[in-house]
Amino acid sequence: MVEAHCHLDKCHSINRMQGIGGDLAAAIAAQAVDKQHWTAPDLRHRMGRGLHELDAAGCTLVRSHIDWGTDAAPPLAWSVLQEVSRDFPAMKIQMAALTSISQLADRDFCFAVAHHIAKHSAGVLGAFILDHDQSDVSEGLANIFAAANHFGLALDFHVDEGLGSYNGLEAICDAALASGFEGPILCGHAVSLIDHDASTRDRIFDKLLRAKIAICALPTTNLYLQGRRDGTPNQRGLTCLRELHDAGVPIVIASDNVADAFCPVGQHDPRAALHLACLAAHLDPPMGDWLASITLSPARALGHDPAYVDVTPIDQLRLCNASSTAEMVATRNALLPLRATQKAPNL
């Protein structure tokens, strides 16, 4: 299992919040207030809890976003996650800097951040794009692709995290194609795709394929925050998973926020995210076909070769009490460690 998008610096903080609820802007404001509690011991405790949950879910590759702040130097959470990661030697843990695209419109700031990220072998450069000034988007994207090319970094974007006419995704495609960037690019959310007409979506799908960009759907947080109105929402806050899949665009499904201001519930478990996506996006059987969205596809999107059972050391495998791949996807059978001292099952 691969967890392609989570927020270990925010997770399990909902217990100290009161009166939380609302849209994306309300969540951002609430989480900003909570940052006063982000001491090293607090981060160490919550991040460790999240990593234990990911390990129990069978994850061997994880990417966590880290809020970067206003200084070019890394925030406290960046160094704490490096420290906590040492307790999980069997898990590859990537750290993606989460910055505003407006910040990266300052070329010096962008390259300074990228320089710090490049010091960490699993560092990833990232940005948030929603309703920013278009000049900032253009300058920021030009800078981030130039910095990623210069330092050899992968890229990860939070983009179009809202329903409506947002189209930062196409701007990312255009910047990627113009820059000739060849590293992995993962775009999370892309919720507004569902509001575009068919011809616009087809144009964007073509660019996604040419730029080799993967899309990460994040059902828990998007369903919770998007489409808010008085009473029960009547619109799904989710990207066009079925259309993307049919177009051949690589799709990834991930957990995103867990028990924080952005989503008060959730689990660090890619299978749980896939279950919710199946309900929200009407993903149809055979269910085993969707397993790739939390295994093979996210591994490639994170710049890793996928891990296959027949070439994986025994002590890195997990056992699942299911009679088929479809059953493993459809149920919550536990994934149990298979130790090197145990005899491998006759599969």
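Helices in this talk are DSSP runs of H or I with at least four residues, and strands are runs of E with at least two, both numbered from the N terminus. The expected span of a helix is 1.5 Å times one less than its number of residues.

The model is predicted: local features need pLDDT of at least 70, side-chain atom pairs count only at pLDDT 80 or more, and totals for chains, interfaces and linings use all residues. Residues are numbered from 1 along each chain as its sequence is written, and side-chain values use heavy atoms, with hydrogens and water left out.

I begin with helix 6. This helix covers residues 134-151, and its 18 residues should span 26 Å at 1.5 Å a residue; the end C-alpha atoms lie 25 Å apart, which agrees. Just after the helix, Gly-152 takes a positive phi of about 70 degrees.

Which residues of helix 6 are buried? With buried meaning under 20% relative accessible area, exposed over 50% and partly exposed in between (1.4 Å probe, protein chains only), they are Val-137, Gly-140, Leu-141, Asn-143, Ile-144, Phe-145, Ala-147 and Ala-148. An α-helix has 3.6 residues a turn, so residues three or four places apart point the same way. Taking contact as heavy atoms within 4.5 Å, the buried residues of helix 6 pack against helix 4 (101-104), helix 5 (107-118), strand 4 (123-129), strand 5 (154-159), helix 7 (168-179) and strand 6 (185-189).

Two of these helix pairs deserve a description. Axes are lines fitted to C-alpha atoms, for helices over the stretch in contact, and angles run from 0 to 180 degrees between N-to-C directions. The axes of helix 5 and helix 6 come within 9 Å and cross at roughly 35 degrees.

For helix 6 and helix 7, the axes come within 10 Å and cross at roughly 45 degrees. The two helices are therefore oblique to each other, given that angles under 35 degrees count as roughly parallel, over 145 as roughly antiparallel, 65 to 115 as roughly perpendicular and the rest as oblique. This crossing, too, is right-handed. Val-137, Leu-141, Phe-145 and Asn-149 in helix 6 meet Ala-171, Ile-172, Ala-175, Ala-176 and Ser-179 in helix 7.

Now to the core. A nonpolar core is a set of buried Ala, Val, Leu, Ile, Met, Phe, Trp, Tyr and Cys residues joined through side-chain atoms within 4.5 Å. In the largest, of 85 residues, Leu-141, Ile-144, Phe-145, Phe-157 and Leu-208 touch the most other members. A second, separate core has 12 residues, among them Cys-216, Leu-218, Val-252 and Ala-254.

Helix 2 (residues 40-56) contains Gly-48. The helix has 17 residues and reaches 24 Å from first C-alpha to last, close to the 24 Å expected. Its buried residues pack against strand 1 (2-6), strand 2 (61-67), helix 3 (76-85) and strand 3 (92-100). Is Gly-48 buried or exposed? Gly-48 is buried, with a relative accessible area of 10%. Leaving aside neighbours within four places in sequence, Gly-48 is in contact with Leu-43, Val-84 and Phe-88.

Finally, Gln-267 is found in the loop between strand 8 (251-253) and helix 11 (270-281). At 42% relative accessibility, Gln-267 counts as partly exposed.

Notes. A crossing is left-handed if the near helix is turned anticlockwise from the far one by less than a right angle, and right-handed if clockwise.
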